Number of protein chains: 2
Amino acid sequence: MVKLIVDMMGSDNGSAATKEGVRRFKKNHPDCELVLVGKLDELADMEGYEKIEANDTVGMCAGAMEVLRKKDASMVKAVRAAADPEMHADGVISAGGTGAFLSAATLILKKVPGVKRPCLITAFPKLTDEGGYVTILDCGSSNENTAEELQQFAYMGTLYNQAVYGVENPVVKLVANGTEDGKGTPLTRDAFALLKEDKKVNFQGNVEGNQLLTGSVDVAVCDGFTGNVLLKTTEGVAKGMGNEIKKAFKRNIFSKIGYLLAKKGFVKFTTKMNPKKTGGALLLGVNGIAVKAHGNSDGECFESALTVAYKLALNKVVQKLKEGFAE
Amino acid sequence: MVKLIVDMMGSDNGSAATKEGVRRFKKNHPDCELVLVGKLDELADMEGYEKIEANDTVGMCAGAMEVLRKKDASMVKAVRAAADPEMHADGVISAGGTGAFLSAATLILKKVPGVKRPCLITAFPKLTDEGGYVTILDCGSSNENTAEELQQFAYMGTLYNQAVYGVENPVVKLVANGTEDGKGTPLTRDAFALLKEDKKVNFQGNVEGNQLLTGSVDVAVCDGFTGNVLLKTTEGVAKGMGNEIKKAFKRNIFSKIGYLLAKKGFVKFTTKMNPKKTGGALLLGVNGIAVKAHGNSDGECFESALTVAYKLALNKVVQKLKEGFAE
């Protein structure tokens, strides 16, 4: 059975959003045990759940020091509970600040033996008729990485993609400034050489930024700085274009009628692009599953984050990482 | 008077596209002198222009060696003409392969004294009501850069933005994984420190990928690897979303009528996003203006590239670079 610890207080939208997310998730996964962490009076209407009292929160921009100081913060208590051997928990979910969550998860859960550096994973919808998702890592857990770290990311991304999207043998590519084998920085060229010999992953060379969403790659590997730029650029362009689409439809009465007529296709498209479906980001490489839901999660979004954590636990991804890096 | 050398043979669409581009440009800028390089029979209908015969072309994927070998290629002859002191030319335009053009321009025109490394510049339309463009550099001329190089890019981008878009005091930001001063890699942090003290540019800190098109920055500075990923990711997402918009409108007869009703706003939007308007990429830091038009340029696109070169020449950008880096 899967057991997850849930920080109920981290979301910008308060415990209403996390409570709705928990209820939605529980309806689909009644077998999963959830432990709720937060203010007991706010959680009074959540009956039948184990609860841990926590009356403080960490700020959205908090760093490692604040995390260590705020012992009664719901996020810190949730991560500590996930690390407690007596809890037998598989992982922890929070919608609190990314920096604080990364610090808490790394400091408290600690790295899986053999893992050089944990990494932050996110997924983007592929813009193809077949759909699916491309897993991108590292998305900003580090600023700088070594070739050996990139090689490990490839395996972590493979396990994630298999567990969450059910792709049997995900295609791994290295993000570079050209598809030819010799392209890239000294870092990516070294990583290329390591990955070419790595039997654990289905490595198929370099990928450029314009091919990421077109379906030719399942796992895109890069250093944390590049991944962060890539992730935020994609979000920025998608959001900017989304605004332009809205403006184009709102121009006048004709364009508004036009929207009503074309609505179905656009709803399908915006559903595909909806970040709520991917459930936030995930820290892999620590001793336990650590999923960071979007800060502005609503119920649906928080449910997705819980589902990601559940699938990773069910597929024993942390166990597989331990085995993979113990070799 | 401005004098530009034009490679007429580099475009994927043959000399028909470059000839149309030249005619369109010449109509708007009759004072600009153009020298056309290519097969004389193909250029027979271009009367009143000085011409240089060149009967060969370089492949789209050619590198430095091929460029040096193919002495009769139109691109190579065009760059050589631009470098020839007796020609008194201001610059050169080609729609040939990027790698070959960068090599030819760097090897033949040579660096401006004081410039550590030339860089590739491109511009993206801002997705704001005010419009305008954000200048991004380096977009992939280098794989790795030093902090001093990034500092120089900031000045090059400033001159470009002033000359081409007429922004008096362009806001310069450094692409990083967070807006706070301490964010970024050791490279960007070092560049941050240099730029903070640099009186030649209006430096205003870091910018994240999701803020690039929202108008808060005129010149975005990054290393060539990051710039290339950023550029191609933006292109990829924009193209992918454009396809989804088309699909949504083509679903059925209702959505098609919807398109007709909402068309005006979408035409306005796609015109804004049209890469043809930005005229390709530009290599700055070499002794002369070197504009690389899109490989699949049509007449409009090639005209934009000619216009960019013309504006840079008119604003004496190369001269200003020489003065700026001679200090």
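Predicted model: local features only at pLDDT ≥ 70, side-chain atom pairs only at ≥ 80, totals over all residues.
Local features need pLDDT of at least 70, side-chain atom pairs count only at pLDDT 80 or more, and totals for chains, interfaces and linings use all residues. Residues are numbered from 1 along each chain as its sequence is written, while chains are lettered from A and ligands numbered from 1 in the order in which they are written.

**View 1. An open sheet of 11 strands in chain A.**
The strand order is β3-β2-β1-β4-β11-β10-β5-β6-β9-β7-β8, with mixed pairing. The edge strands are β3 (50-53) and β8 (202-207) of chain A, and each pairs on one side only. From one strand to the next, the twist averages 25 degrees. Strands (E, at least two residues) and helices (H or I, at least four residues) are DSSP runs, numbered from the N terminus. Two strands pair if DSSP finds at least two bridges between them.

**View 2. Strand β4(A) and its partners β1(A) and β11(A).**
β1(A) and β4(A) pair in the parallel sense over 3 bridges. Within this pairing, I5(A) has V92(A) as its bridge partner. On to β11 (residues 289-292) of chain A: 4 bridges join this strand to β4(A), and the two run parallel. Here V92(A) stands opposite A290(A). Both faces of β4(A) are covered. G91(A) and I93(A) are buried on one side, V92(A) and S94(A) on the other. In a regular strand the side chains alternate between the two faces of the sheet. A residue is buried if 20 or more other C-beta atoms lie within 10 Å of its own, exposed if 12 or fewer, and partly exposed in between; C-beta atoms are placed from the backbone.

**View 3. The β6-β9 pairing in chain A.**
Strand β6 (residues 133-137) and strand β9 (residues 219-221) of chain A run parallel, joined by 3 bridges. One of the paired positions is L137(A), whose bridge partner in β9(A) is V221(A).

Axes are lines fitted to C-alpha atoms, for helices over the stretch in contact, and angles run from 0 to 180 degrees between N-to-C directions. α3(A) is mostly covered, with 9 of its 10 residues buried. Among them are M75(A), V76(A), V79(A) and K77(A). The buried residues pack against β1, β2, β3, α2 (64-69), β4 and α4 (98-109) of chain A. Two residues are in contact if their C-beta atoms, placed from the backbone, lie within 7 Å.

**View 4. Helix α6(A) across β7(A) and β8(A).**
Helix α6 covers residues 186-196 of chain A. The helix lies across β7 (171-175) and β8, running at about 160 degrees to β7(A).

**View 5. Domain 1 against domain 2 in chain A.**
Domain 1 spans 1-115 + 285-327, and domain 2 spans 120-276. These bounds come from an automatic or database domain assignment. The C-alpha centres of the two domains lie 25 Å apart. The contact takes 15 residues from domain 1 and 12 residues from domain 2. On the domain 1 side, α9 (299-314) and α10 (317-326) of chain A each supply at least two residues. α9(A) gives the most to this side, with 6 residues. By class, the domain 1 side has 7 nonpolar, 5 polar and 3 charged residues. Ala, Val, Leu, Ile, Met, Phe, Trp, Tyr, Cys and Pro count as nonpolar, Asp, Glu, Lys and Arg as charged, and the others, Gly among them, as polar.

**View 6. The contact between chains A and B.**
Each chain gives 48 residues. On the chain B side, α7 (224-249) and α8 (253-273) each give two or more residues. The largest share, 20 residues, comes from α7(B). The chain B side divides into 21 nonpolar, 19 polar and 8 charged residues. Of the interface residues of chain B, 100% are also interface residues in chain A, so the copies meet through the same surface.

**View 7. The axis relating chain B to chain A.**
A rotation of 180 degrees with 0.0 Å of shift along its axis superposes chain B on chain A, at RMSD 0.0 Å. That is the relation of a two-fold axis. G258(B) has the chain B C-alpha nearest the axis, 1.8 Å from it. Copies are superposed by least squares on the C-alpha atoms of residues with pLDDT of at least 70 in both.

**View 8. E86(B) in a loop of chain B.**
E86(B) lies between α3 (74-83) and β4 (91-94) of chain B. E86(B) is exposed because 6 other C-beta atoms lie within 10 Å. The C-alpha atoms of E86(B) and L150(B) are separated by 34 Å. Along the chain, E86(B) and L150(B) are 64 residues apart.
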